[in-house]
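Notebook open. I start with a salt bridge, then move to the sheet and the helices on it.

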Amino acid sequence: MREDFPTMREQIIRLTGLRATAAHGVLPEEQDTPQEFVVDIEMAVCVEQAVAEDSLQTTISYADVADRAMRILEGSHVNLIETLADRIAQQVAQLGARTVTVTVHKPQAPIAHTFSDVSATATVPGALLTSRRRRVVLGIGSNLDVPEAHVIEAVHMLSDIVEVEEISELYRTAPQLAASQDDQPDYVNAILTCYTDIPPLDFLHLLHHIEAEHGRVRTKRWEARTLDIDVIDIEGMTSADPELLIPHPRAARRRFVLEPWLSVDPTATLAGVAVADLLAQTEGQRTTRMSVDEYMPRVLEALSEWGDDSDFLEDFEDFDGVFGDDDPDFGDDDSGFNGHFGSWGSPDPRHDGGGGRRR
């Protein structure tokens with residue numbers, strides 16, 4: 001986990017001395033005669049929201065933890081306490097803990113000597129800390145400085161840490177403001193789909209690093225920003241962890257997410273609902289696809305001022321339609337901004353994404 005960005009607070013929740021009488025063991029008599037097993041469970045849990053709200057709804061109920069452990073202890077026979085420990089840890093991790101450590105004690109183990117205990121301990125990372133290849137949908141937006149340049153260069157930086165699959169064209173979006181908020185400039189938004197094997201929580205911190213490279217400073221919620229990169233969805237995964245909610249809790253109501261997403265993935269779904277159906281419910285929101293001729297001069301001028309234009313253009317010039325189908329100098333087909341990047345990206349998926357704007 002990256003150390004240069006603050007993370008939400010964790011606490012350790014412990015449940016100790018959970019007892020059950022069950023028939024587990026290798027010897028024939030252990031399979032016929034129940035004996036006592038004792039379980040200790042330790043969980044690292046993000047408690048930032050739970051503490052702020054003093055609410056059980058945003059943390060893990062230790063009663064649910066106990067129920068899951070008891071179902072395994074009192075369930076099907078296993079030979080080894082190592083197996084029991086691992087199965088309980090896997091089940092508890094599904095409740096949303098970041099890490100789970102389970103110790104199973106077998107104080108009546110068949111040992112012909114004086115002893116006080118036999119135990120096995122298993123530690124399992126939660127899904128947010130597990131590395132495996134996943135398809136991720138990212139929403140990229142900006143409404144300060146030269147927003148188009150921030151969004152396009154963010155794509156450039158992301159290509160160093162992920163395998164890019166699809167990129168939408170740019171869309172201009174009216175800000176959605178609360179009644180108490182001051183006016184803000186329009187946003188420029190895009191959707192990027194990609195693959196990565198970086199654990200989701202570590203990946204989030206890398207996205208924060210890219211935002212910071214673009215001068216993003218977090219002072220209050222929903223303020224104007226130079227760059228915002230949201231994790232919209234991770235295929236095959238849900239998360240109730242307050243630091244990374246999957247799917248994004250407001251994506252289903254945001255046209256600036258749904259319209260560009262649908263443009264690159266016509267069969268996309270969010271939480272089991274077709275993105276096309278969700279988009280139909282956002283007709284009142286103003287989102288307009290942008291023309292390359294509209295924004296490219298500003299992008300090139302900004303990149304030149306930032307000193308990033310040469311490498312950036314060399315990288316992007318070779319990819320079909322990456323600047324849209326109305327700029328003859330970039331891309332040689334009609335695919336629009338929906339570039340197919342293939343193997344583009346760093347061999348090291350944890351590369352921090354160099355080449356970004358420094359401040």
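**Entry 1: a pair in a helix**

Which side chains meet in a salt bridge at 3.0 Å, N to O? I looked it up: Arg255 and Glu259 form that bridge. I count a salt bridge when a side-chain nitrogen of Lys or Arg is within 4 Å of a carboxyl oxygen of Asp or Glu. Arg255 and Glu259 are 4 residues apart in helix 7 (residues 255-264), so about one helical turn separates them. Arg255 is buried, at 12% relative accessibility.

**Entry 2: ground rules**

I note that this is a predicted model, in which local features need pLDDT of at least 70, side-chain atom pairs count only at pLDDT 80 or more, and totals for chains, interfaces and linings use all residues. Residues are numbered from 1 along each chain as its sequence is written, and side-chain values use heavy atoms, with hydrogens and water left out.

I listed the elements next. The protein chain has 10 helices and 14 strands. Helices (H or I, at least four residues) and strands (E, at least two) are DSSP runs, numbered from the N terminus. Of the 359 residues of the protein chain, 50% count as buried. I then looked at contacts with a separation of 6 or more: residues 24 or more positions apart account for 70% of them. Contact here means heavy atoms within 4.5 Å.

**Entry 3: other salt bridges**

How many salt bridges does the structure hold? The count is 17.

I picked out Glu30 and Lys106, whose closest N and O atoms are 2.6 Å apart. This pair links distant parts of the chain: Glu30 sits in helix 1 (residues 28-32), Lys106 in the loop between strand 3 and strand 4, 76 residues apart. Are the two partners buried or exposed? Glu30 is buried, with a relative accessible area of 6%. Lys106 is buried too, at 8%.

I also checked Arg135 and Glu165, which meet at 2.9 Å, N to O. Arg135 lies in strand 5 (residues 134-142) and Glu165 in strand 6 (residues 163-167), so the pair ties together parts 30 residues apart in sequence. Arg135 is buried, at 14% relative accessible area. Glu165 is partly exposed, at 24%.

I traced an open sheet of 4 strands, order 1-2-3-4, with antiparallel pairing. Two strands pair if DSSP finds at least two bridges between them. Strand 1 (10-22) and strand 4 (119-125) are at the edges with a single partner strand each, so one side of each has no neighbour in the sheet. The twist averages 15° from one strand to the next.

I went through the pairings in order.

- Strand 1 and strand 2 (residues 35-46) run antiparallel, joined by 11 bridges. Leu18 has Val39 of strand 2 as its bridge partner.
- Strand 2 and strand 3 pair antiparallel over 7 bridges. Val38 has His105 of strand 3 as its bridge partner.
- Strand 3 and strand 4 run antiparallel, joined by 7 bridges. His105 has Ser119 of strand 4 as its bridge partner.

Why do I call strand 3 largely enclosed by the rest of the structure? Because 5 of its 7 residues are buried.

**Entry 4: helices on the sheet**

Helix 4 lies across strand 2, strand 3 (99-105) and strand 4, at about 30° to strand 4. I take axes as lines fitted to C-alpha atoms, for helices over the stretch in contact, with angles from 0 to 180 degrees between N-to-C directions.

How do helix 3 (residues 62-73) and helix 4 (residues 81-93) cross? Their axes come within 9 Å and cross at roughly 145°. The contact is made by Val65, Arg68, Ala69, Ile72 and Leu73 of helix 3 and Leu84, Arg87, Ile88, Gln91 and Val92 of helix 4. I sorted the residues of this contact into 7 nonpolar, 1 polar and 2 charged. Ala, Val, Leu, Ile, Met, Phe, Trp, Tyr, Cys and Pro count as nonpolar, Asp, Glu, Lys and Arg as charged, and the others, Gly among them, as polar.

Note on methods:
Buried < 20%, exposed > 50% of the residue type's maximum accessible area, 1.4 Å probe, protein only.
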